[in-house]
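I wrote them down in the order in which I looked things up.

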Amino acid sequence: MMKVCIITGASSGIGRAAAENMLKRGYKVYGISRRGGDIDNVVSLCADVTDEQEIIKAVDTVMAESGRIDVLINNAGFGISGAVEFTRTEDAECQFNVNFFGAVRMCRAVLPIMRKQGFGRIVNIGSVAGDIAIPFQSFYSAAKAALCSYTLALINEVREFNITAVCIEPGDIRTGFTAARNKNTQGDDIYNGRISRSVEKMEKDEQTGMLPETAGKYIAKIASKQSGKPVLIIGAQYKAVGILKKNFAAAAYQSHSWRYLCKVKSLLRAEPLNSKSIISVMCWYILQQKMLDIFASPMYYCISVIIQ
């Protein structure tokens with residue numbers, strides 16, 4: 001019997017690429033989006049992830065046609081930007097309603113089915129921004145951080161039913177997500193232009209980022225596995241930034257630290273990316289944090305010799 005995969009936000013970007021790659025892996029794919037889709041051999045279902053009844057109707061359609069759900073990929077989402085103090089509560093709630101509660105609603109709809117059939121795989125698409133909060137995109141970062149925590153809790157709740165889950169965290173991806181961002185520049189003069197500059201820098205990184213086809217291929221590969229690590233980051237440079245964040249968490253959000261993390265990310269774009277370059281950037285990061293006393297140790301001397 002053919003395996004079945006549901007993907008939200010499947011009409012474009014990462015979702016579309018993931019749907020195409022799940023097809024290549026032999027799955028029957030149902031793509032859920034507000035506007036429908038036009039991917040050959042993907043069954044398009046129109047539903048809004050903020051509408052519980054539309055979700056239930058879509059899942060009922062899948063079960064009526066296929067009788068099973070092997071994989072759910074929660075990909076639907078959008079971004080907002082702006083200063084915390086000038087972001088309306090309604091806009092922040094909308095961000096969470098789609099990016100976090102949309103996934104929650106989808107999981108609630110498929111979990112009873114997966115539990116009864118005795119298997120299932122849930123893939124939640126988070127973001128590196130959930131690990132390293134982005135200034136002036138605080139609510140996007142917060143929603144993605146919440147999704148990661150939700151996934152980690154879910155893993156332990158459903159383990160006994162042979163259901164697994166994973167949170168995949170992409171970095172900058174070259175999609176229409178950038179143009180669709182809801183930007184709020186209110187207060188930019190008060191913040192000395194930092195709101196617009198921060199978003200412009202992020203958008204530039206996104207438009208020179210990884211191709212959605214590359215991300216979609218990786219997501220399909222992980223979705224096809226029944227087990228693995230609970231959180232996965234797409235892209236070597238972002239994995240390195242994640243390591244830096246974990247190892248220097250106390251210093252990560254000191255004044256101006258985001259500038260350092262952005263610099264680390266840009267440095268790690270350079271090729272070749274290997275342990276030597278990562279050690280070099282780590283040393284640079286520590287230096288920027290004014291932890292010069294570390295460099296007096298014999299360990300640093302050894303590392304500096306290796307880098308040279």
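For a charge patch I joined like charges within 9 Å, taking residues with over 30% relative accessible area and no salt bridge. The model is a predicted one.

Entry 1, surface charge. I searched for patches by that rule and found one of positive charge on the surface, where Lys24, Arg25, Lys217, Lys221 and Lys225 gather. I then looked up lysine 221, which lies in helix 8, residues 212-223. Its relative accessibility is 40%, so I noted lysine 221 as partly exposed.

I located lysine 204 in helix 7, which covers residues 194-207. Is lysine 204 buried or exposed? I list lysine 204 as exposed, because its relative accessible area of 59% is over the 50% cut-off.

Entry 3, helix 3. I checked which residues of helix 3 (residues 89-99) are buried, and got Ala92, Gln95, Val98 and Asn99. These residues sit on the same side of helix 3, because the arc they cover around the axis is only 135°. An α-helix has 3.6 residues a turn, so residues three or four places apart point the same way. On the other side of helix 3 I found Thr89 and Glu93 exposed.

How many salt bridges does a search of the whole structure find? I recorded seven. One of the pairs I looked up is aspartate 38 with arginine 16, whose closest N and O atoms are 2.8 Å apart. This pair links distant parts of the chain, 22 residues apart: aspartate 38 is in the loop between strand 2 (28-33) and strand 3 (42-46), and arginine 16 is in helix 1 (residues 13-24). For aspartate 38 I have a relative accessibility of 56%, so this residue counts as exposed. Arginine 16 has a relative accessible area of 24% and is partly exposed. I also noted a network of salt bridges that links Arg16, Glu20 and Asp38.

I list arginine 105 as buried because its relative accessibility is 13%, under the 20% cut-off. Glutamate 52 is partly exposed at 30% relative accessible area.

I checked burial for the pair and found both arginine 68 and aspartate 70 buried.

I looked for residues other than glycine with a positive phi. Phenylalanine 136 has a phi near 70°. I placed phenylalanine 136 in the loop between strand 6 (120-125) and helix 5 (138-158). Phenylalanine 136 is buried, with 10% relative accessible area. Asparagine 162 is not a glycine either, and its phi is positive at about 65°. I placed asparagine 162 in the loop between helix 5 and strand 7 (163-169). At 41% relative accessible area, asparagine 162 is partly exposed.

How values were computed
Residues numbered from 1 in each chain as written. Predicted model: local features only at pLDDT ≥ 70, side-chain atom pairs only at ≥ 80, totals over all residues. Heavy atoms only, no water. Helix = DSSP H or I, 4+ residues; strand = E, 2+ residues; numbered from the N terminus. Buried < 20%, exposed > 50% of the residue type's maximum accessible area, 1.4 Å probe, protein only. Patch = residues over 30% accessible without salt bridge, like charges linked within 9 Å, V, L, I, M, F, W, Y side chains within 5 Å. Areas by Shrake-Rupley, 256 points an atom, 1.4 Å probe, with all protein chains shown as cover. Salt bridge = Lys/Arg side-chain N within 4 Å of Asp/Glu carboxyl O. Lys, Arg positive; Asp, Glu negative; His and termini not counted. Charge placed at Lys NZ, Arg CZ, Asp CG, Glu CD. Arc of directions from axis to C-beta.
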